[in-house]
Amino acid sequence: MTSLKQPGEKALMLFSGRAYPELAEEVAEHLGVSLTPTKLIDFANGEIYARYLESVRGCDAFVLQSHTGPINQWIMEQLIMVDALKRASAKRITVVMPFFGYARQDKKGRGREPITARLMADLFKTAGADRLMSIDLHTSQIQGFFDGPVDHLFAMPVLESYLKDRLDLANTTIVSPDTGRVRLSERWADTLGTPLAFIHKRRDLDVANSVKVSEVVGKVRGRTCVLIDDMIDTAGTICKAADALYEQGATNVITAATHAVFSDPAVDRLKNSRISEVIVTNTLPLSEESRFDKLTVLSIAPLIARAITEVFTDGSVTSMFEGDT
């Protein structure tokens with residue numbers, strides 16, 4: 001079955017790009033539908049062609065694509081898929097991007113810089129998207145870049161559920177690796193009932209992914225510290241933060257992040273770091289070479305499937321994250 005129907009012939013159809021079909025298949029399984037057959041090919045010069053192999057007229061379309069590498073190719077493919085749905089008379093088009101590409105470029109830090117996260121929102125709106133759905137945006141302000149509804153999902157319940165049974169909460173401190181993640185870390189600390197600490201860091205603005213850790217603020221000595229972040233890219237921030245925590249007397253350091261970007265040399269850094277466990281979700285695909293003994297990958301598919309169901313049935317996405325739901 002490639003669609004779910006509501007009274008009045010309302011139909012849910014799920015579409016997947018080629019970036020990460022395994023996640024889309026898992027989401028489809030939770031929804032109880034099949035992915036809509038889609039022809040996606042590359043021409044010799046790199047242009048992308050998309051065509052749906054069954055009618056999509058009047059459907060409630062959900063287009064799932066993970067913005068993994070090569071990121072520009074998969075973003076373009078998703079844009080083309082949205083355009084094809086618009087021209088095929090889909091009733092409503094929801095773009096599902098578990099990881100929002102270019103989310104870090106959300107403001108001008110210096111003159112003559114782009115705000116590429118806003119450009120991304122504009123591109124999807126122009127292509128024909130009615131709604132965006134993403135998980136743990138780098139900053140919440142990105143929701144305001146899109147002229148339409150944005151469903152901002154949180155991986156915190158998935159990650160917390162895993163950690164609760166594995167931690168002595170009385171001896172645990174939640175740690176933000178920088179001031180930008182303090183609000184997220186506060187939510188974790190409030191939910192788990194633990195102290196909060198954060199690390200003040202400085203970046204070299206002229207060198208990408210270069211971090212200088214300054215000082216640790218909070219109670220970490222003799223405690224298990226859980227570093228919280230939205231993504232791990234080159235792992236420079238997380239590894240230096242872990243070193244700083246151990247220098248301040250932490251007995252164990254675990255890290256939990258939503259998006260495992262894992263650009264080189266992240267895997268080598270994490271393997272050789274003093275971090276005891278790296279917990280991530282599967283918003284992005286991980287090759288076998290990117291997996292290591294300390295890595296735990298949790299599935300985000302049930303969360304995405306439930307959010308899609310809430311949108312389709314005109315339910316409440318917000319209710320998924322109120323209390324302990």
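A residue counts as buried when its relative accessible area is under 20%. A salt bridge needs a side-chain nitrogen of Lys or Arg within 4 Å of a carboxyl oxygen of Asp or Glu. The model is predicted.

Start with strand β7, residues 131-135. Five of its five residues are buried. Which residues of β7 lie on each side? Arg 131, Met 133 and Ile 135 are on one side, and Leu 132 and Ser 134 are on the other. Both faces are covered. β7 pairs with β6 in the parallel sense, over four bridges. β6 spans residues 92-97. In this pairing, Val 96 stands opposite Met 133.

Strand β9 covers residues 172-176. Five of its five residues are buried too. One side carries Thr 172, Ile 174 and Ser 176. Thr 173 and Val 175 sit on the other, and both faces are covered. Where does β9 pair? Its partner is β12, residues 224-232. The pairing is parallel and runs over four bridges. Val 175 stands opposite Leu 227 of β12.

Now step off the end of β7. Asp 136 lies in the loop between β7 and β8, the latter being residues 150-153. Asp 136 is buried, yet it has no salt bridge. Which side chain of opposite charge is nearest? It is Arg 187, and it is 6.4 Å away. Asp 136 does have a polar partner: its side chain and that of Thr 258 make a polar contact of 2.4 Å. Beyond its neighbours within four places in sequence, Asp 136 is in contact with several residues. Among them are His 152, Leu 153, Phe 154 and Ala 155. Asp 230, Thr 258 and His 259 also belong to this set.

Helix α4 comes next, residues 156-164. Its buried residues are Met 156, Leu 159, Glu 160, Tyr 162 and Leu 163.

Turn to the backbone. Most residues other than glycine have a negative phi, and most peptide bonds are trans. A few places here depart from that pattern.

Tyr 102 has a positive phi of about 70 degrees. It lies in the loop between β6 and α3. Tyr 102 is partly exposed, at a relative accessible area of 28%. Ala 235 also has a positive phi, near 70 degrees. Its loop lies between β12 and α6, the helix of residues 236-247. Is Ala 235 buried or exposed? Ala 235 is buried, because its relative accessible area is 4%.

One runs from Gly 69 to Pro 70, with omega near -5 degrees. Pro 70 lies in the loop between β5 (60-64) and α2 (71-87). The other joins Asp 264 and Pro 265, with omega about 5 degrees. Pro 265 is in the loop between β13 (252-260) and α7 (266-271).

Definitions and conventions:
Residues numbered from 1 in each chain as written. Predicted model: local features only at pLDDT ≥ 70, side-chain atom pairs only at ≥ 80, totals over all residues. Heavy atoms only, no water. Buried < 20%, exposed > 50% of the residue type's maximum accessible area, 1.4 Å probe, protein only. Helix = DSSP H or I, 4+ residues; strand = E, 2+ residues; numbered from the N terminus. Pairing = 2+ DSSP bridges. Lys, Arg positive; Asp, Glu negative; His and termini not counted. Polar contact = N/O pair within 3.5 Å; in protein donor to acceptor, adjacent residues only side chain to side chain. Contact = heavy atoms within 4.5 Å.
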